[in-house]
Amino acid sequence: MEQVQREREEFTLVTRKPYFGLPTACPNCLPVYIYLKLAGLPFHLAFNSNYPDSDQIPYVESGTYVAYNNENGGVIERLKEDGVVDLDSELRSVPEWISMKAMIGSWLAESLMYELWLGTDGRSARKIYYSDLAWPIGKVLFLQQVRTVKQQLGITKENAERREEGIYRKANVAYGALSTKLGEQNFLYENRPSSVDASLLGHVLVTLHVLPETSVLRSKLLEHGNLISYAENFKTQFIEAGSSSSIPQFPSDPSSSAPRKGPSNWRSKPNPKPKREKTEEEKTFRRRAKYFLATQLFAIVLFLSVMGGYDISEVELDDDEDIGFD
């Protein structure tokens, strides 16, 4: 009964903003967008730029129902468990499907994380996550995230070269295995879409369109033509063909959508007309925005105080790098 009721409700997918010709350039958000498209579930797309480091994004909501990215294995797993939409019901017992899913979620996810934050100049990552923040805040948050990624990947000064080689080697093995499995099919398994397709398509599209041409990972992916065709065919059919209706226009200011800790009845609203008295909701949002900036400024002061001996040269950015966000 609950599932039938949800089918009648409207769903909203909240992601980070679109860049590089993609409906969202966030590596975590794009697979969820693709999964909903493959499942044929109608949804609205909204953007959130107020909390760049939030692990709740992406999230799906409908009425009082909210599925966050940081719970129950992610949005897609939550949607399957809650009976909203499940493309994998007949594939869970297939050993090869499980191993492919694990390989994409580990080897390829780590390689893309490495490329975005460490393997390239970082401009793409800053555009995706921090482009709506003031430059000093965005810069410090970027450097802090670089340190976090190094810790997550177990990279130190002593093992950096060895870890880089291992990351690229695993990615290359994964591309070869997935390319062989795909062959000339439209999808990886039984010519029907699954969450594994959503994860792989998201990875391939971000690697192709977000990473710079100098990217090592991108060059390795380009060696597998069928993976490129697979992703570009999806982009043409599901993204470009429906871009006028599925990807809304957004103002230069950050979206008023924000992660919530409980059920939500949020819906996107038109921009207020000039000289109109602000509603309580708008006043609350402005207060929240000011609070967010204040807390980030405090975080910067605290970060610089605690990490007083921190050597920015560890980030290995070029001295003449353009660190603007435009």
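Visitor: How many bridges join strand β3 to β4?
Guide: Four bridges join them in this predicted model. Strand β3 covers residues 59-62, and the two strands run antiparallel.

Visitor: What is the bridge partner of Glu61 in β4?
Guide: Val66.

Visitor: And what sits between the strands of that hairpin?
Guide: Two residues. In this hairpin, Gly63 takes a positive phi near 60°.

Visitor: Which way do the residues of β4 point?
Guide: Strand β4 spans residues 65-68. Tyr65 and Ala67 point one way, and Val66 and Tyr68 point the other way. In a regular strand, side chains alternate between the two faces of the sheet.

Visitor: Are those four buried or exposed?
Guide: Tyr65, Val66, Ala67 and Tyr68 are all buried.

Visitor: New topic. How many aromatic pairs are there?
Guide: Nine, counted by ring centres within 6.5 Å. One of them is Tyr19 with Phe20, an edge-to-face pair. Their centres are 6.4 Å apart, with 65° between the planes.

Visitor: Why does Tyr19 count as buried?
Guide: Because its relative accessibility is 16%, and buried means under 20%.

Visitor: What about Phe20, and why?
Guide: Phe20 counts as partly exposed, because its relative accessibility is 30%.

Visitor: How is the pair of Trp117 and Tyr129 arranged?
Guide: That pair is tilted. The distance is 5.4 Å centre to centre, with 35° between the planes.

Visitor: Which helices do they lie in?
Guide: Trp117 lies in helix α4 (residues 95-119), and Tyr129 lies in helix α5 (residues 123-130), so the pair ties together parts 12 residues apart in sequence. Both Trp117 and Tyr129 are buried.

Visitor: Which residues do ring pairs link into a cluster?
Guide: Trp117, Tyr129, Tyr130 and Phe142.

Visitor: What lies over the face of Phe142?
Guide: Arg126 does, at 5.1 Å from the ring centre.

Visitor: Switching to Lys80. Where is it found?
Guide: Lys80 is in helix α3, residues 75-81.

Visitor: Is Lys80 buried or exposed?
Guide: Lys80 is buried, because its relative accessible area is 7%, and the cut-off for buried is under 20%.

Visitor: What does its side chain make a polar contact with?
Guide: The side chain of Glu77, at 3.0 Å.

Visitor: Which residues does Lys80 touch, not counting those up to four places away in sequence?
Guide: Lys80 touches Tyr35, Val85, Asp86, Asp88, Arg92, Lys101 and Ser195.

Notes
Residues numbered from 1 in each chain as written. Predicted model: local features only at pLDDT ≥ 70, side-chain atom pairs only at ≥ 80, totals over all residues. Heavy atoms only, no water. Buried < 20%, exposed > 50% of the residue type's maximum accessible area, 1.4 Å probe, protein only. Pairing = 2+ DSSP bridges. Phe/Tyr/Trp six-rings, centres within 6.5 Å; stacked < 30°, edge-to-face > 60°. Lys NZ or Arg CZ within 6 Å of the ring centre and 35° of its normal. Polar contact = N/O pair within 3.5 Å; in protein donor to acceptor, adjacent residues only side chain to side chain. Contact = heavy atoms within 4.5 Å.
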